[in-house]
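Hello,

Here is the structure I promised to pass on. My notes follow below it.

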Amino acid sequence: MSIASTSVIQIIPRTRRGVELLLLVIAIAVSVGAYVNIGITVQNSVPASTGYYAAGIGLLALIAHLVLRYRAPYADPVLLPCAVLLNGLGVAMIHRIDLGLAIVAEARGKMPKAAAASQQITWTAVGIVLFVVVILVVRDHRRLQAFTYTLGLGGLVLLVLPLVPGLGANVNGAPIWIRIGKMSFQPGEFAKVALVIFFAGYLVVKRDVLTLAGRRFLGLDLPRARDLGPILIAWLASLGVLVFESDLGSSLLFFGLFLFLLYVATERAGWLIIGGVLFVGGAYFAYMTFGHVHRRITDWLDPWAIDGGQIKLGLMGQAWGGVLGRGLGQGHPEATMYANSDMIISSFAEELGLTGLIAILLIFTLIIERGLRTALGCRDIFGKLVATGLAMSFALQVFVIVGGVTGLIPLTGLATPFMALGGTSLVANWAIIALLLRISDQARRPQTPAAPVSDETIAMAVQKQ
């Protein structure tokens, strides 16, 4: 009499939520430490609002962590702590600039403006609420593919909303805002998310056609002429954003995202060649035709020609910071225009130096790397493209912002993710992190194990061979 034994080996991956909690504690400690350091340096005392700041950041991070622990337990454990750290450091630097501006206002006998740091904490709370909503509502990212064209239409509507008379508003010279009552926000930040999902859904369906090669040129297979429609439409749409809304940053971002996703979906370098040619042609046309583009490029080529110019003061602050920086609270970042928004990277470089700037860039690199790792691990093409597009949206934004602030490329006015003052950008970026975490949960979640096979069955199969 023989007893059939059953051999079942099942590897259950760890959720890593404990690692995430530990990293969150470190991120909150660093953020609160920076906040306290600034207060001691500038005001010679611990800020009275330290308890509220620590409690607010800590509570919001804990809520996000608990939602992931129970609704997306296999999500990536690094993304949330990185976002919390960048958000917390951004609030600390905005608070530091608030103190600097208050000192300048008092010296001139004027009333200081309302603190922007408290507004940023409020917007952080709104962002975490949207983060929770996305995690709870989007149970499976693959269902978003059914709304491909709906989201594409919604993204285009969001882009043109600032052009509607009576609704659009011009803020700091850029007509890319809409105003409802006393509130104003930038719909293009949410259009970015909608268009990434649209691009991914479209390319999943059309990638076989777009992969077909046409003529061969210098060893590269160029696409067929009949398949150039999508990239030409994306190019014209980007030029439309540039012409009608004077938004150079968003124009570069949208076209770059579509071009990169097109390359990832088809693996054809020819699309990069054609996209590069269209980009150079569009950039030259914009430089010769539109005054705001011409001014930005002129300022970039010779930033010292403008007395008190934004780029000039930013570069001087970075040079003054040097390798190790002046120290938190010991520089004068408030002297630069829009130091807490467009030029917040320059503010960090002045007070933390090149070393601190590299550390911040490494945190962004971690977010991008974890997003691309999520794309590699995802089991469906749609999820791969969405994760890639969302990760590359961070990569393109950081490159364009840091490149503009450091003088590598013309300054475009995009907001630094999680750090710059601005509610719309902050809330939209928290939604992006939520989508990446939802996709990573699906990618890292163990698949349903196969039915167990007995040793007797295996032995019989071997004997038949």
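Contacts of F382

Apart from neighbours within four places in sequence, F382 touches H141, R142, L144, Q145, I197, A200, G201 and V204. Please keep in mind that this is a predicted model. F382 belongs to helix α13. Its relative accessibility is 2%, and because the cut-off for buried is under 20%, F382 counts as buried. The C-alpha atom of F382 is 9.8 Å from that of A265, although the two residues are 117 apart along the chain.

The second largest pocket

Helix α13 (381-405) also gives two or more residues to the lining of the second largest pocket. Sorted by class, the lining has 22 nonpolar and seven polar residues, and no charged ones.

Cysteines

How many disulfides are there? The count is zero, with a disulfide taken as a pair of cysteine sulfur atoms within 2.5 Å. Two of the cysteines can be described by their accessibility. C82 has a relative accessible area of 8%, so it is buried. C378 is buried as well, with a relative accessible area of 4%.

Regards

Conventions
Residues are numbered from 1 along each chain as its sequence is written. This is a predicted model: local features need pLDDT of at least 70, side-chain atom pairs count only at pLDDT 80 or more; totals for chains, interfaces and linings use all residues. Side-chain values use heavy atoms; hydrogens and water are left out. Helices (H or I, at least four residues) and strands (E, at least two) are DSSP runs, numbered from the N terminus. Ala, Val, Leu, Ile, Met, Phe, Trp, Tyr, Cys and Pro count as nonpolar, Asp, Glu, Lys and Arg as charged, and the others, Gly among them, as polar. Buried means under 20% relative accessible area, exposed over 50%, partly exposed in between (1.4 Å probe, protein chains only). Contact means heavy atoms within 4.5 Å.
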